[in-house]
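Please take a moment to look over the sequence and the structure shown below before reading on.

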Amino acid sequence: MAGAFKEYEDLLSPKQLGEIKEKTEGMNEAKVNKVLKKVYEQYSNSKVEAGESVGIVSAESIGEPGTQMTLNTFHFAGVAEMNVTVGLPRIIEILDGRKEIGTPMMEIFLKKPYSKGEDIKKLALNIKETLLQDLMNSVSVDIAEGKVDIAIDNEKMQEIGMRTDSVISAVEKGMKGISVKKTEEGISVKLKSKDEKLINEVYKLKEKLKSVYIRGIKSIKQVLPVKRGEEYIIITAGSNLIDVLSMEEVDQTRTVTNDIFEIQAVLGIEAARQALIKEVFKVIEDQGLNVDIRHIMLAADTMCFSGKVKGITRYGIVSEKSSVLARASFETPVKHIIEAGLVGEEDKLNSVVENVMLNQPIPVGTGLPGLIVKVKK
Amino acid sequence: MPEEQKEVPVNVEEIETAEKAPEAKAAVKEKELVDFQLSYVYKKVDSIVFGIMSPQLIKKMASAKIVTPELYDKEGYPVDGGLMDIRLGVIDPGLRCKTCGQRLKECPGHFGYIEMARPVIHINFVNVILSLLRGTCWECGRILLPKNRIERQKQKLDIIQLDSGLEARRKAIRELMTSLKTINKCPYCNAKQQKVIIDKPYTFIEGDKKLSPIDVRARLEKITDEDMEIFGLKPGYVRPEWMILTVLPIPPVTMRPSITLESGERSEDDLTHKLGDIVRINQRLFENINAGAPEIIIEDLWDLLQYHITTFFNNSVAQLPPARHRSGQPLKTIAERIESKEGRIRHNLAGKRTNFCSRTAISPDPMLNLNEVGVPIIVAKKLTVPERVNPWNINYLKEFIKRGPGTYPGANYILRPDGKRKRITDETKDALLEELQQGFAVERHLIDGDIAIFNRQPSLHRMSMMCHRVKVLPFKTFRMNPSVCRPYNADFDGDEMNLHIPQTEEARAEAEILMEVQTQMISPRYGLSVIGCVQDAISGNYILTRNIEMQREEAIDMLCSVGVFNFSRLPNKQKITGKELFSALLPEDFNFTGKARSADIDGSKEVVIKNGLLIKGVMDKANLGDGAGLMLRTLHMNYGQEKALEMLGRISKLGIKTLLKYGFTAAISDTDLHDNAKIKIREILNRAEEDVNELITIFKQGKLETFPGRTVEETLELKILETLNKARNETGKIVSEFAVRNTGSFIMSDSGSRGGPLNLSQMAACIGQQAMRGKRIEKGYFGRTLSCFRRHDLGSAAHGFIRSGYKSGMLPHEFFLGGVTGRDSLMDTALRTPKSGYLYRRLANAMQDLKVEYDGTVRDASKRIIQFSYGEDGMDVSKSEDGEINIQRIIDSL
């Protein structure tokens, strides 16, 4: 039995082999062999033919359902979930290769015992970025003294388990040129420099103080512990992959972000490609559309094959085409033609549009093979 | 005057001709073959090299020097040395070009030139000139890089280009240029460098001195070829000083034709207007210089000339007012002609127009085969197919000629081997019949079975252009089987479609083999059939396969009308069930199990087909529809594309025939509800409203418990939404519970042919919450949505919950709030179309030249590998079954 599978190990995909194994359970070897042979035969017959212009097919397959997608940016899945960019805007965002995405988000999986819900609330609060403004009750400016008095919300402090002292040290760390004192209500911040323009400075200080970082993981704006299936996970608004992954409680193998550039920076290009495929596929699936994953793979590979994620825009991969006319036919033709003129660029006419422009056969599909026929004498 | 300058940046310097068809040589020998084969000798452009034109080249390629802004003399004849000089080409019928001796339409046009009185900067090179001025020494013209670094830099750039292409090289050069700005001492002559700034759009200032184009040119001339390379200019193709114009090429008249208005007046092209200005100012400048006019006047004229030349190239330069017509509308000059969707490149070069095509409204005809298209007889008489005359068809073709262009299967033209085209008329008919011999071609009318390409815009995927067989029909619309609507995304509310008739054997062969409907049945997007039964065909098959029983005679009648004349597949008994009738269309050895969308009478959703007999289950959208279920895919896989398409056509016809026979109506009474149901629905809605009010009360008391990460208001909104949606869904359930199973509306919803349970319950019971951007409606007046509500009313009705159904009719406030979402969704559609269109264009542009090579890798045009194996397993989606190999089916078949 195993021998039969061994023979086809390199010929069929692991997924196919797995399925066959499962479905031929209990059959005799000859039959299994027959199945394997037939599947392989079918697989060989289903291979793409050389010259097939898979690029345009993929572009059509992703582009055509685009017209059926919603434009509504936000979406609530269930009552308490967060707003996420979905539909066409999300696809555009991903394929553009935008560095700043609309709604960065993370799904943080946890190691045992945290995944069972232990201390989940506390953990979530540890992850959330806390700014001074989240802790204050009120702020008052004392112009005469040149100081800002901040009343601290004790309830919140207790909730996250912080003491005023640690707030003071965080504020001291986060800003320069100030001195911080503990007061009854909370803290009082004073400017060190005795300047004449004090009034302005104090007001500026007040504003700056609001966004002083106290604790948590930077740029995680919101946290939401959720029970998914059997385990608890934390969904966040805002994303900071590297810091989250370095937390001990976090299961590094499953935690994900939807920010592709962050994945690229932290985990490398292959991970970014996988994330790209997953994100696009998820959006399309959510919309109830059916697009084969191979098309998305090809789009993702076109974006990633240079080793960096590049968007499908005039600045991204389109600018790297070898043909002047192909670039010119996309956007800003004059710029491309001028630049080509400066370096004496040669267009070898080996892609599609240039040959369309010149009324020549295009080098894909049936235009690819050169056929010479000997005329009978 | 220093020697001249360059112009239009585009210039095709070399067009190499490659390979002639190899037959050419052999052809000379055999005389008969000569004519035939000569038409297959072709030249092919191998590559195009871009560069900048030198003043010498401009003069060399010019066939006339333009000296006067006048266009025509008193007789209306073009002036020699004017802008419409006939040496530049002809645009009047009857005149001959003085350069090439050809007439209108034959003469391609020829360039001219004018000598500039003073040099002028070419606007499109301003940025390059600026970086050249900044990066070189004003004194000696050398690059501001020490000698040893020049070589290093060059090597570095070459490596970058090899590694990551020309674009990366350009980027590296740009970075280098910014670093050069800070160097303020020439490493060669130790001259102190001054800062060069640019006063947009085209004035250069060095230190505090303005640089005239003459100064700039002098500076650029000093730059050595060796240094130039670092700036990204290639010696041999470019010289920096060519970027300052001393000679301006005048485009041929043929690219700026004048039009004669009805009044006999001539209206000149925008470019001619602009060139007129240029020539006029240039002449004045010449005269003033020669007359020794004061410098200030010369400066003014020079500046004006610069303005005109700038706008001649680009009339939308940011800092310049665009040149306008007297009417105030801006002139369309060179850059505007090239750029944008309507520009030369996208409109004329990448987009082609053809003859032998036709466009008209479409209408459905279920009796046509799926791969047929009904062509109106008027169209069939205009569109023709050239048929080559040979000994076997000469008499056949003569019949067409005899009937002429007026009577239907006739012919319009005769093509002689020398390329002459002769119209067939009653007068010429006899002479042409006489003349007709082998090697001629006859352009005969379309007849049934001809090949045509049918298309509906927007052509979003390849199934938007499919090849059909012509079926000539009366009336004036194109007819198609409603089942092929889906791939074209067509309906019959006034849609128009295009029809193209391929004119050569090669084109017809490709259309037939690659584009015909049956070849496109399986979508490359998801590996299932894109063609399936629609609407009535699904309803019909649903009714038929669910619970119909009929007499044998009736069944035979149905089979005949569907085109099946072999009745042996019907069981040998008097009473035939719908399932048995349906089975008669399936192949005898067809086995299939699947899931239906709706339950059979016994309540099971399973579909079982064994040995070509439908044993269990109903046929509905899940199995007959497009893009759904594997039944059609399996038929295609097992019996081939032709058979599959034929069966689909028959199944579709059978469904329609069933409806014809048994009748089918969607009536208003379909949505009548039982009194009990009405009471229940009222109760549910009342309760929901109470719940909402209670939530509001709790909220107002401040006792509402918030969701994590939400404010109290948001929590309230979410809870209200949830309550109301739940209520609406419950009404839906009640409607389905009480619905009468055999009403038209229910059948449509259940079989999936049109509408769903939601639509039913919206008609019968409750329309439900109107949502905008995922929230209840909030916009409107201050604090309320409509003036009939109290301010700050949070209740269900005030925020767009519609409790009436469509049949009972909406209350006024409900109607208005319903209109809000209606408009919102209109906006959504209107905004989505261009957005997704642009995404599609970008995708297509980025990926259009990816193809599978013979080694199985996916590569782009410059042979860079994108994927080692397409889709990681090299499988073609359109040959797969829903993207996979259907292992279960293979096991079952063994």
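Chain A has a mean pLDDT of 84, and the secondary structure of chain B comes to 27 helices and 31 strands.

**Confidence in chain A**

- Of the residues of chain A, 94% reach a pLDDT of 70 or more, while the mean for the chain stands at 84.
- Within chain A, confidence is highest in helix α14 (residues 293-304), at a mean of 94, and lowest in helix α1 (residues 2-7), at a mean of 73.
- Over residues 76-80 of chain A the pLDDT falls below 50, and this stretch has seven contacts in the model beyond near neighbours in sequence.
- Where pLDDT is low, the predicted coordinates should not be read in detail.

**Overall form of chain B**

- Chain B contains 27 helices and 31 strands, and its radius of gyration of 38 Å is well over the 29 Å that the globule rule gives for 894 residues, so chain B is more spread out than a compact globule.
- Taken along the principal axes, the box filled by the C-alpha atoms of chain B is roughly 110 × 100 × 65 Å.
- Buried residues make up 40% of the 894 residues in chain B.
- Among the contacts in chain B with a separation of 6 or more, 67% are between residues 24 or more positions apart.

**Strand pairing within chain B**

- Strand β17 (residues 465-473) of chain B pairs in the parallel sense with strand β11 (residues 372-376) of chain B over five bridges, and here B:V373 stands opposite B:V470.
- Strand β17 of chain B also pairs with strand β16 (residues 451-455) of chain B, in the antiparallel sense and over five bridges, with B:M465 as the bridge partner of B:N455.

**Contact between chains A and B**

- The contact draws 99 residues from chain A and 92 residues from chain B.
- On the side of chain B that touches chain A, the largest share, 14 residues, is supplied by helix α26 (residues 812-847) of chain B.
- That side of chain B divides into 46 nonpolar, 24 charged and 22 polar residues.
- Strand β11 (residues 346-347) of chain A and strand β2 (residues 44-49) of chain B run antiparallel and are joined by two bridges, and in this pairing B:V49 is the bridge partner of A:E346.

Methods: Residues numbered from 1 in each chain as written. Chains lettered and ligands numbered in written order. Predicted model: local features only at pLDDT ≥ 70, side-chain atom pairs only at ≥ 80, totals over all residues. Contact = placed C-beta atoms within 7 Å. Helix = DSSP H or I, 4+ residues; strand = E, 2+ residues; numbered from the N terminus. Nonpolar A, V, L, I, M, F, W, Y, C, P; charged D, E, K, R; others polar. Pairing = 2+ DSSP bridges. pLDDT = per-residue confidence, 0-100. Rg over C-alpha atoms; globule rule 2.2 N^0.38 Å. Buried ≥ 20, exposed ≤ 12 C-beta atoms within 10 Å, placed from the backbone.
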